[in-house]
Amino acid sequence: MSFLLKSMVSGQVKNLGLGGGDEEKKDEGNASDPAAAAGMTREEYEEYQKQIVEEKMERDGMFAQKKAERATLRVHLREKYRLPKSEQDENQIQMAGDDVDLPEELRKMVNEDQEEEEDKESFIGQIQNLPNMDVDQIKEKAHATLSEIKQAAEQKCSLM
């Protein structure tokens, strides 16, 4: 807000010819040396620039690693559901150096999904997926039938 007000007022003062432009000429002269503009010596400024570049490279590396981890997850899901492979994912994994593993949290999620799929593939899992099917009622009937058969066998068999 103050910047906007300053720019509007200084523009009007320049138009009047009252010498409002001298301050900006002094500021422009210092802008050619970025170290002086930042209030540092030349060595401090160079060290600061090196540090910025190193931090940027580190952030870029971590970003590439995260992208590769996500690509690895997508590759696993594509294999699981038999979907076509993506060249982009493979390129991201290669750029990260092929040392990419799934993060621990994602690995747990994938393992949980696999366990759920295995449960659904079992016979009981298939029965539970049928509509209008009460598994608890079926279990009760099975236990009742089994106990009736056992009692009938005990009555007929003298050894039991």
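## A question to start with

Is Asp89 buried or exposed? Asp89 is buried, because its relative accessible area is 2%, and the cut-off for buried is under 20%. Keep in mind while reading that this is a predicted model.

Asp89 also has a charged partner. Asp89 and Arg74 form a salt bridge, and their closest N and O atoms sit 2.8 Å apart. Asp89 belongs to helix H5 (residues 87-95) while Arg74 belongs to helix H4, so this pair ties together parts that are 15 residues apart in sequence. Arg74 counts as partly exposed, at 32% relative accessibility.

## Helix H4 from end to end

Let's look at H4 itself, which runs over residues 42-80. H4 is made of 39 residues. From its first C-alpha to its last, H4 reaches 57 Å, close to the 57 Å you'd expect at 1.5 Å a residue.

Which residues of H4 are buried? They are Tyr45, Ala68, Glu69, Ala71, Thr72 and Leu73. Just past the end of H4 comes Arg82, with a positive phi of about 55°.

Side chains of opposite charge can pair when their charged atoms come close. The count of salt bridges in this model comes to 4. One of them joins the side chains of Lys56 and Asp60, at 3.1 Å from N to O. About one helical turn separates Lys56 and Asp60, because they are 4 residues apart in helix H4. As for accessibility, Lys56 counts as partly exposed at 43%, and Asp60 is partly exposed with a relative accessible area of 41%.

Another salt bridge brings together the side chains of Lys66 and Glu69, at 4.0 Å from N to O. Lys66 and Glu69 are 3 residues apart in helix H4, so about one helical turn lies between them. Lys66 is partly exposed, with a relative accessible area of 43%, whereas Glu69 is buried, with a value of 14%.

## A closer look at Glu69

What does Glu69 touch, leaving out residues up to four places away in sequence? Its contacts are Val100, Asp101, Leu102 and Pro103. Glu69 also has its salt bridge with Lys66.

## The cavity

How many cavities of 30 Å³ or more does a search of the whole structure find? The search turns up 1. About 40 Å³ of space lies inside the largest cavity.

The residues lining the largest cavity are Val75, Arg78, Glu79, Lys85, Ser86 and Glu90. By class, that lining has 1 nonpolar, 1 polar and 4 charged residues. Helix H4 supplies the largest share of the lining, with 3 residues.

Definitions and conventions: Residues numbered from 1 in each chain as written. Predicted model: local features only at pLDDT ≥ 70, side-chain atom pairs only at ≥ 80, totals over all residues. Heavy atoms only, no water. 1 Å grid on protein atoms, 1.4 Å probe; cavity = no way out; pocket = protein on both sides within 12 Å on 5 of 7 lines; lining within 4 Å. Points joined across faces, edges and corners; volume = space filled by probe spheres on them. Helix = DSSP H or I, 4+ residues; strand = E, 2+ residues; numbered from the N terminus. Nonpolar A, V, L, I, M, F, W, Y, C, P; charged D, E, K, R; others polar. Buried < 20%, exposed > 50% of the residue type's maximum accessible area, 1.4 Å probe, protein only. Expected span 1.5 Å × (residues − 1). Contact = heavy atoms within 4.5 Å.
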